[in-house]
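Visitor: Hello! I am new to this structure. Please take me on a close look at a single part.

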Amino acid sequence: MAMQNAESVLNGLKLRPHQKVAVDFIVDGLRRADSVILESPTGSGKTLIALTSAYRYASEEGRKILYLTRTNSQQQAVFRDLGLFLRGSGIRAAPLQGRQNMCLLYREISQETEFSSESLSRFCNSRKKMVREGNPSACRFFNSRISSRETSDRILGGFMTAEELLLFGRENTICPYESVKASLKSADLVVAPYAFFLNYNIAERFLDQWGVDRSDLVVILDEAHNLPDLARNIASFQISVRSLDAAESEIGRYGDPELIHGIHASDAVEYMRDSIQVLARDFLGDNDESRIKHTAFMENLMIVSKQSSAKIHEMLVNLDIHGENVASTMEKEGRIPRSHILAITQKILAMDELDEDLYISTISSDNGGTLSVSCLDPSRVLDPLRLSKTVHISGTLSPVDSYMKITGFTESRYRIIGPVFPERNHLMLYSTEITTKYDRFDSSEIERMRSMIEHIIATVKRKCIVFFPSHAVMEKVISGGFVFPFLAELKSMNQEEISEVISDFRNGEMPLMAVSGGRISEGLDFPGRQLQMVIVAGIPYPRPDVRQKAMFQFYEKMYGSGWEMSVTFPAIVRIRQEIGRLIRSESDYGVSIILDSRISAHRKYFPGLRSSSDPAKDALHFFMERDYSMDSPGNA
Ligand code: SF4
């Protein structure tokens, strides 16, 4: 990217004053430090800020840009802004997704969608080998057009989203995944999902294909408040009795070799199942989940199999080899080589390598008994990101100090951009009358919460979403019913059903009952009068389960701020995300009401928040005034 070109393109942009401030801050920050954190509110044009500042800095330094997003709609926003603002820049941009989303062939031969990237990679490699050996029907999408100049220009110059690329691939019989891979070396900017790049091995392969080193990159972390959980999830895993049952079926189909003297693959699986069930019996009691020692599973495996630790290790290594053989056989059969045996043994062998202080092992009753290994410290997973320049951007990163410590980006420069829309357009209230604190949320509090919500919605009569701290709280409250019909985001709903609920909400008048941190609380836009009131029915503090307690202890030991980092930070982020659904443009106005007196302790994160003894009356009054002023001739 030539600087002269960048300057002329950037000079032609009409950035709003706060956008100019933010861009200058990021560019200057990247010159002086390795990471920059920007909290910028809804409607401030975060994508444009991130793109233009990264473009300016990358042009100066001859770097490439990697833009990480969590959802498809965020990826679409990046390509939309590229097309709107940086079309004349000459930037060549590629949308990247894993084969899971981009392989057109596997969808034709399997109804399943849960394949590991490794098994799809093996499947693809074997199909491509067959094509190269003279069998084009092994994958008709893998052909000479994937690496043609025309395809590369269409992808990189056309600012195609992943969806458009899939369509393009289908219409032209070209593999979307392989064609992006073939074009990568000419790309200045790649837009990819977090999951793709936080997986170290996948990221390294991708960087190799792109031909860039981590130190050549500016990485934009979009909606960065998700980073801690995304990193923790990538580094955590589970082994359930149900997955062991699937491994046993595989053994039934692909053979039951002897692994060590007198012990066959089926025996090894049986020992593992027994170990998990014994752990569940000994440790669960009345609990759904209990913490166990990291070594407990292995110790039980030794007891039930009556084998030494060395023999157990030999047994697992040989079972792993059998899993490899099963995957190879599946591959030869033309199937996707997902071996449950292989997946399980690799997880168990990985347990030997874990740093005990950074992980917690638990046993639960889920799926017939589940052994879970959960990462407590995402900062280690994020270490490779520190080799690049990073821009962390989101509307909700406060308390920023907690974000920096949790992610390990403690040396970052940071800035918080204040509200960009008139503050008079948003009334923020909290009720002092109620709390969803676990020890106080009894049946009379549930009824008080239900009747308060009913009173507010029935009085104010505006399009409203109510966010509950959990499905359990929501179910308790809505089971009492309301005097009006309503929609609800139920735990059992699949994505299609959720989309239907959202569409009914957008197009109708019924209020929507949803869950904090659920599929509606983030990433969706409800412009104009599609949404005018948000009720937060209780602070969504994380449930105090064993994992949460371990995280608290971990941060307390590390920083002396266990509560702030493991409880306050996620709760504040969630509430601000929910409230952030409300005001998306200059002309939007609305009311948010937090039904939990404990919010008063966090007022500094909610400028303008005030207490109300009658939120329905105050909200009604606000709307009467705002409706009048918006309808008045001066605002016509
Ligand atoms: Fe799938 Fe593309 Fe590989 Fe063919 S070449 S198997 S379509 S990823």
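Guide: Let us begin with a term: a salt bridge here is a side-chain nitrogen of Lys or Arg within 4 Å of a carboxyl oxygen of Asp or Glu. The model is a predicted one, where local features need pLDDT of at least 70 and side-chain atom pairs count only at pLDDT 80 or more, while totals for chains, interfaces and linings use all residues. Residues are numbered from 1 along each chain as its sequence is written, and side-chain values use heavy atoms, with hydrogens and water left out.

Now to our pair. Arg 214 forms a salt bridge with Glu 204, and their closest N and O atoms are 3.0 Å apart. Glu 204 sits in helix H12, whereas Arg 214 belongs to the loop between H12 and strand S5 (217-222), so the pair, 10 residues apart, links distant parts of the chain. Helices (H or I, at least four residues) and strands (E, at least two) are DSSP runs, numbered from the N terminus. The two partners can also be described by their accessibility (buried is under 20% relative accessible area, exposed over 50%, partly exposed in between, with a 1.4 Å probe and protein chains only). Arg 214 is buried at 6%, and Glu 204 is partly exposed at 31%.

Let us step back to the surroundings. An automatic or database assignment sets the domain bounds, and domain 1 covers 24-91 + 188-235 + 379-420, with domain 2 at 96-185. The C-alpha centres of domain 1 and domain 2 lie 26 Å apart. Together these two domains bury about 1,600 Å², 54% of it on carbon and sulfur atoms; buried area is the accessible area (1.4 Å probe) that two parts lose on being put together, summed over both. Phe 79, Phe 196 and Gln 209 supply 30% of what domain 1 buries against domain 2, more than any other three residues.

Another of them joins Glu 314 and Lys 311, with closest N and O atoms 3.3 Å apart. Those two residues lie 3 residues apart in helix H17 (residues 309-332), so about one helical turn separates them. Glu 314 is partly exposed at 35%, and Lys 311 is partly exposed at 35%.
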